[in-house]
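Please read the following points with the model open beside you. They take up charged pairs, then aromatic rings, then the nonpolar cores.

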Amino acid sequence: MNKLIVFIAVFVNLGTVFSEFTSQDCRELGFIKSQLMCSSCDILSDGLEELKPHCLECCQQDKVLASEKKYPKAILEVCTCKFGAYPQIQAFIKSDRPAKFPNLQIKYVRGLDPFIKLIDHDGNVKETLSINKWNTDTVEEFFRTHLEKPTENNEI
């Protein structure tokens, strides 16, 4: 009987050790399982190292999604007549931010809500995104993430 109790105790403990934390377990530890990437766990330091094992139990494996692909060129299409409806897009365009992206073209199209077109190396439009609810920081971050940095050899 004692061997059976020991076996059950060991089996239960092994199940706990080898099982992944549930979303609720992670939330109680301060992690949001669906939004935590494992690469974030690698940067825990300065007294937070003890959280790393729990972080690794709650994280999602990093993977490069198609939406995170980098493109050599982008076109931001917008109508100036709609700047009143999209003040954040107007603020981005009128600021110095577009100059940070030499492979970004701003194209004014009458009556058009703001869109971003991502262009491949062959000049084909690969993705078109509506940005009418984005703010200036989101637009800039998007271009920083999804536009290739042009090199001297790269023709835009």
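Is Arg144 buried, partly exposed or exposed? Arg144 counts as partly exposed, because its relative accessibility is 41%, where buried means under 20% relative accessible area, exposed means over 50%, and partly exposed is in between, computed with a 1.4 Å probe on protein chains only.

A word on the basis of these remarks: this is a predicted model, in which local features need pLDDT of at least 70 and side-chain atom pairs count only at pLDDT 80 or more, while totals for chains, interfaces and linings use all residues. Residues are numbered from 1 along each chain as its sequence is written, and side-chain values use heavy atoms, with hydrogens and water left out.

1. Side chains of opposite charge can pair when their charged atoms come close. A salt bridge is taken here as a side-chain nitrogen of Lys or Arg within 4 Å of a carboxyl oxygen of Asp or Glu, and a search of the whole structure finds 8 of them. Arg144 forms one with Glu140, the closest N and O atoms being 2.9 Å apart, and another with Glu141, where the corresponding distance is 2.7 Å.

2. Position in the helix. Arg144 and Glu140 both lie in helix α6, 4 residues apart, about one turn of the helix; Glu141 and Arg144, also in helix α6, are 3 residues apart. Helices (H or I, at least four residues) and strands (E, at least two) are DSSP runs, numbered from the N terminus. Glu140 counts as buried, at 6% relative accessibility, whereas Glu141 is partly exposed, with a relative accessible area of 40%.

3. A network, and another bridge. Through salt bridges that share partners, Arg97, Lys100, Asp137, Glu140, Glu141 and Arg144 are joined into one network. Asp120 forms a salt bridge with Lys126, the closest N and O atoms being 3.9 Å apart, and Asp120 counts as buried because its relative accessibility is 13%.

4. Aromatic pairs. Rings of Phe, Tyr and Trp (its six-membered ring) pair if their centres lie within 6.5 Å, and planes under 30 degrees apart count as stacked, over 60 as edge-to-face and the rest as tilted. The whole structure holds 4 aromatic pairs. One of them, Phe92 with Phe143, is tilted, at 5.9 Å centre to centre and 35 degrees between the planes; this pair links distant parts of the chain, since Phe92 is in helix α5 (residues 87-94) and Phe143 in helix α6 (residues 136-146), 51 residues apart. Phe142 and Phe143 form an edge-to-face pair, with 5.9 Å centre to centre and 70 degrees between the planes, and both are buried. Phe92, Phe101, Trp134, Phe142 and Phe143 form one aromatic cluster.

5. The nonpolar cores. A nonpolar core is a set of buried Ala, Val, Leu, Ile, Met, Phe, Trp, Tyr and Cys residues joined through side-chain atoms within 4.5 Å. The largest has 18 residues, of which Leu76, Ile89, Leu104, Ile116 and Phe143 touch the most other members; β1 (73-78), α5, β3 (115-119) and α6 are the elements that give two or more residues to this core. Another core, of 9 residues, lies apart from it and has Cys26, Leu36, Cys41 and Cys59 among its members.

6. Thr136. This residue lies in helix α6 and touches Gln88, Ala91, Phe92 and Arg97, not counting residues up to four places away in sequence, where contact means heavy atoms within 4.5 Å. Thr136 is buried, because its relative accessible area is 13%.
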